Amino acid sequence: MTEATPTNVARRPFLGRIGEVPHVGLVAALVLLAIVGLATRPENFATSSNLVSILALASTIGVITVGMTFVIIGGGIDLSVGAVMALSSVWATTLATQSYGPAVMILCAVLVGTGAGLVNGFLIAYGRMVPFIATLAMLVAARGLAQRMSGQRTQLVQQANTAIVELSTTRVLGLPLLVYVFALVVALGWILLNRTTFGRRTYAVGGNPEAARLAGIDVRRHTMLLYGLSGLCCGIAAVLIMARTTTGSSTHGDLYELDAIAAVIIGGTLLSGGRGTIIGSILGLLIFTVITNLFILNGLNTSDQLIAKGLIIVVAVLMQRRGALTGT
Amino acid sequence: MTQTPGRRGFLLGGAVLGAGALVSACTSNEPAAQPSAAAAAATTEAAAGGNDQPGTQVTIGFSAPAADHGWIAAIAKNAEAAAKQYSDVVFKPVEPTNDINQQISAVESLIQAKVDVLVLLPNDGQQLNQVARQAMDAGIPVVNLDRVFPDKLSYRTWIGGDNYGMGVAAGHYIGKTLKEKGVSNPVIVEIQGIATLPLTQDRSKGFADALKSYGFSVTAKQDAQFTVESGTEVAANLLQAHKKIDAIWNHDDDQGIGVLAAIKEAGRSEFIMVGGAGSANAMREIQSGSGVLAATVTYSPTMASSAIKLARLIAQGKGMSDLTENQVPQSITLASETVTKDNVATYLPLGFES
């Protein structure tokens, strides 16, 4: 539990950080994947358009992963992320919302996401529900509400609101705008986690809630805010998925929760809370996205992809355990 | 092509659908009955008129999966609309569900309510087979819609689409277009639905077989999940894998919205794309002619309207007036039609909203 104290994580000596197996392992894994890509599809893999495409694919779920990292470091779990994103995308693309224009659609998506997250947080912090159960309930309910609102239809973003779609089609310096949104969320998340009281409290609450309470942190309020933050990220992700697919739909984000949790775990964040990094999560996510890309470039099917991803989760966690053992 | 009479029958069926003279739509798509359908086409309206006269009151039970997709939503809507056209039909739908267990008990409740005839679109033909058999044993004829029960004792009549034929139609369209353009060694990409479903495998086989007759083959295929989002992801990656593509067949128009979004994002337009199922959205895209979508091959949810009509005829002991037989046929396979810019206006009313 000594690892749980925030100062330890942030200000470890350089050599100590090298010794932190996960990050080195993650970068090595990415390099390995890149080599595989260069070897198997030299003409396609390293092109700028392919790299842009990988980043664009990673953006939606990447934003969700940032929120998920906070929740898991804070000792919780959020299973509802995919469903909340779907609900936000549906709510923002109903005819009523669309009639107010793109700005209101974005606001709507963000508010719905944050609202759903705060409901999760309230149930967990003040209703004393187990996070797994509360967010599982939200997963089912949000998906149902999204289906009901959309009448199980795919809702198109209308011509008048193409400003939303332009997030995906407009490019600045060769990158679609949504990649910048992703980068901004990662940067803000990193600052919030590493350079603010909120971040330090998150580590403290996740590491040892009782000690955090005795240290004068309002653990309940903080827990609720963490889930609200995760919901906010889902709302932003909903805007990105609307931009990418030109639709809002109750089928969006299916099983995103598993991908996001897997990325966070691979990234070295402990599922028990108190320790973890945003950069690790993003690296974990990039590994997944690059694998998908490599498999499709080489014309391999989805089943093989799933097997590879499963193996990677196991290997990553085993490596982390070894790292933790040698570290102490 | 050889399907011309069938196609004309289908169109006629579509036209009279609204007017209420109905039976022609399903009759003329029965491949085995094609000669007689063609012969009967001229007299359809007069003949069909007789069958649409109110007869004995019948109660039709209906159970289908819950909609998570525009196609399934259209199935339920079409069934209800068809039932409403008849004063002698009492329509009894049960709450749609995607849970096998729940659908079994829903069908059991319809059996206990002693409906006259059942129209069933099972979540899974294998798993609902037993309860359909119970209905048949209890003397309630079952009209099996689309996903087939493995046991022929479990249904009186099957009506559904032709997945293999869908692949064939797409393959012919792409093969013919590329031949006319004089493309040799074309790059043909296929975006499938859920790969594990038999229907996906049938579609892919039909596609490959039809392409083979032009000397072409599929360069790359990848499976998506029938959802918009999976369509975007798979298409974005496939576009990276192939710098120059000549044709894409995407199995499903709902998923196609995402595929088209990815194509737009990548700024690609050097190929033609063919869709699948026949959503209104895809048809509007074809009509506008502004994008890569050149055609779609139908797998029309209008089959639900036809199933209700068949159920009514079976319960009333009538045959199909276009056919010589006194009873409704045992199985009806709908043809997959190719919708292009030239004929899209006639198909648009039949397209379903995704």
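Which residues of α14(A) are buried? The buried residues of this helix are A:Y256, A:E257, A:D259, A:A260, A:I261, A:A262, A:A263, A:V264, A:I265 and A:I266. A residue counts as buried if 20 or more other C-beta atoms lie within 10 Å of its own, as exposed if 12 or fewer do, and as partly exposed in between, with C-beta atoms placed from the backbone. Helix α14 of chain A, residues 256-266, is thus mostly covered, with 10 of its 11 residues buried. Just after α14(A), A:G268 takes a positive phi of about 95°.

The model is predicted: local features need pLDDT of at least 70, side-chain atom pairs count only at pLDDT 80 or more, and totals for chains, interfaces and linings use all residues. Residues are numbered from 1 along each chain as its sequence is written, while chains are lettered from A and ligands numbered from 1 in the order in which they are written. Helices (H or I, at least four residues) and strands (E, at least two) are DSSP runs, numbered from the N terminus.

Elsewhere in chain A, A:T289 is found in helix α15, residues 278-297. A:T289 is buried, with 22 other C-beta atoms within 10 Å. Leaving aside residues up to four places away in sequence, A:T289 touches A:I54, A:L57 and A:A58; two residues are in contact if their C-beta atoms, placed from the backbone, lie within 7 Å.

Chain B comes to 14 helices and 12 strands, and buried residues make up 56% of its 354 residues. Among its contacts between residues at least 6 apart in sequence, 72% join residues at least 24 apart. An unreviewed UniProt entry annotates residues 60-318 of chain B as "domain: Periplasmic binding protein"; such annotations may be inferred rather than shown by experiment, and their positions are given in the numbering used here, with feature names shortened. Over residues 60-318 the chain is 48% helix and 18% strand, and the end C-alpha atoms are 15 Å apart.

An open sheet of 6 strands in chain B has the order β2-β1-β3-β4-β5-β11, with parallel pairing; strands pair if DSSP finds at least two bridges between them. β2 (89-93) and β11 (331-333) stand at the edges, each with a single partner strand, so one side of each is left without a neighbour in the sheet. The twist averages 20° from one strand to the next. β1 (residues 58-63) and β2(B) pair in the parallel sense over 5 bridges, and B:I60 stands opposite B:F91 in β2(B). Across β1, β2 and β3 (117-120) lies α5(B), running at about 160° to β2(B). Axes are lines fitted to C-alpha atoms, for helices over the stretch in contact, and angles run from 0 to 180 degrees between N-to-C directions.

α6 (residues 100-112) and α7 (residues 125-137) of chain B pack at an angle of about 5°, with their axes 10 Å apart. These two helices are therefore roughly parallel to each other, the term for angles under 35 degrees. Among the residues that meet are B:I104 and B:V107 in α6(B) and B:L128 and B:V131 in α7(B).

Finally, 27 residues of chain B are in contact with 27 residues of chain A. α10(B) gives the most to the chain B side, with 10 residues.

Methods. Parallel < 35°, antiparallel > 145°, perpendicular 65-115°, else oblique.
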